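Visitor: I would like to learn how to read helix packing and sheet layout from a model. Could we take one feature at a time?

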Amino acid sequence: MPAPGDAEVDAAVVADFVAEVTVVAPRLSADQARIEQMRGRAAAVLQVVHARLRGLPPPEAPSPGVDVGAVRARTGIHPEESLRAAGVLFRQSLPPLVQHHPELPAERVALVLHEVIDELVVPAAVSYVDVLLSRISDANRDERRRVARDLHDHTSHGIGAAIQGVDLALHLLATGQTPDVARLQTTRQVLLDTLNDVRGMATRLRDVVGQRSLGRALQEYLDFTAPVGLEVTLVEEGEADQPLPAHVKEESYLIVREAVRNSLVHGAGATRLDVAVVVGGGHLQATVADDGSGFDPTVVDTTRTVGLASLRERAEGLGGSVALQAGPGGVRLELTVPLPSAGA
């Protein structure tokens, strides 16, 4: 049962809290539903603090209701904003609570307020991390499937064809006939091509951006993989002025590299491939576009949909998104990733 004056104090604190969060963590207040959720959680924190300060049972933490951490991870809200909001709630609440509970030392009020906020924030943070780890696990699983598919479709096929060529030559020798030199040369070329495929897969698996810029890493990948005759362009803007965080750079590189690879493998008839990396306005935007045969995204094609799902999972892990346009005139993939504000 609230004591006299609690409701007035809580209402004023919640109003000031929401007003400041709107400024320092705008994505937490992007719509009315999120604002009401913030109001409810702040009010619940204050009610528990009042109860604990008075020694009233049960001094339980407010119920988290929906899994806020998981919801925020799925909607691209960075935990930085949640931590800012927690800081705002502590700062806005402490002076009124100290004044409202004059019988207690300020240190006691601050300690209880801190404990209750922690009991709300920590489970949400754990849920947030669980969602991200799940996405990473999914992305790694898809990558293993893709490697397994490449080994089966290309490497195994090449080795199998070469074995047939060797077996034929051995049979000819065993029966006193002369092996076909042209066939042996073809067998040798199949083995060389297979070896190059394996080397390419090994290069992709250990390829990281490291100290390079995202644009530089992509340029080197394009130089290494783009076939002769394909017109390739790479546009870079803004990265020199705003270096990307390492995790954003590495994950974005994997996403763009996979999009480039998809265009090279599936973009039949393509004459050009255009890649752009633009950093500015608090976002990274990267596009990969080809003028190949394209495909119908409504038709299930596991060689594409598994890879696209992996790209989306990786982008969502950064709080970003992937948009795909595909049709008879080619494919265009656009990656958008929000960037942490300077000094955050």
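Visitor: In which sense does α5 pass α6, left-handed or right-handed?

Guide: First, the ground rules. This is a predicted model, where local features need pLDDT of at least 70, side-chain atom pairs count only at pLDDT 80 or more, and totals for chains, interfaces and linings use all residues. Residues are numbered from 1 along each chain as its sequence is written, and side-chain values use heavy atoms, with hydrogens and water left out. A crossing is left-handed if the near helix is turned anticlockwise from the far one by less than a right angle, and right-handed if clockwise. Here α5 passes α6 in a left-handed crossing. Helices are DSSP runs of H or I with at least four residues, strands are runs of E with at least two, and both are numbered from the N terminus.

Visitor: At roughly what angle do the axes of α5 and α6 cross?

Guide: Two packed helices are described by the angle between their axes and the distance between the axes. Axes are lines fitted to C-alpha atoms, for helices over the stretch in contact, with angles from 0 to 180 degrees between N-to-C directions. The axes of α5 and α6 (residues 181-206) cross at roughly 160° and come within 9 Å. The two helices are therefore roughly antiparallel (under 35 degrees is roughly parallel, over 145 roughly antiparallel, 65 to 115 roughly perpendicular, the rest oblique). By class, their contact has 14 nonpolar, 6 polar and 6 charged residues. Nonpolar covers Ala, Val, Leu, Ile, Met, Phe, Trp, Tyr, Cys and Pro; charged covers Asp, Glu, Lys and Arg; the others, Gly among them, are polar.

Visitor: How do the axes of α4 and α5 cross?

Guide: Helix α4 (residues 79-100) and helix α5 (residues 106-174) have axes that come within 10 Å and cross at roughly 160°. That makes α4 roughly antiparallel to α5. The contact (heavy atoms within 4.5 Å) includes Leu83, Phe90 and Leu97 of α4, and Val109, Leu113 and Tyr128 of α5. Its residues divide into 15 nonpolar, 2 polar and no charged. The handedness here is right-handed.

Visitor: Which residues of α2 meet α4?

Guide: Ala42, Val45, Leu46, Val49 and His50 in α2 meet Leu89, Ser93, Leu97 and His100 in α4. By class, this contact has 6 nonpolar, 3 polar and no charged residues. The axes of α2 (residues 32-53) and α4 come within 12 Å and cross at roughly 35°. The crossing is right-handed.

Visitor: Now the sheet. In what order do the strands lie?

Guide: Strands of a sheet pair through backbone hydrogen bonds, either parallel or antiparallel. Two strands count as paired if DSSP finds at least two bridges between them. In this model, 5 strands form an open sheet in the order β1-β2-β3-β5-β4, with mixed pairing. β1 (231-237) and β4 (321-327) stand at the edges with a single partner strand each, so one side of each lacks a neighbour in the sheet. Neighbouring strands are turned by 5° against each other on average, direction ignored.

Visitor: Which strands run parallel, and over how many bridges?

Guide: β1 and β2 run parallel, joined by 7 bridges. Thr233 stands opposite Asp274 in β2. By contrast, β2 (residues 272-280) and β3 (residues 283-290) run antiparallel, with 8 bridges. There, Val278 has Gln285 as its bridge partner in β3. β4 and β5 also pair in the antiparallel sense, over 7 bridges. They form a hairpin with 2 residues between them.

Visitor: Which strands does helix α8 lie across?

Guide: Helix α8 (residues 246-266) lies across β2, β3, β4 and β5 (330-338), running at about 10° to β3.
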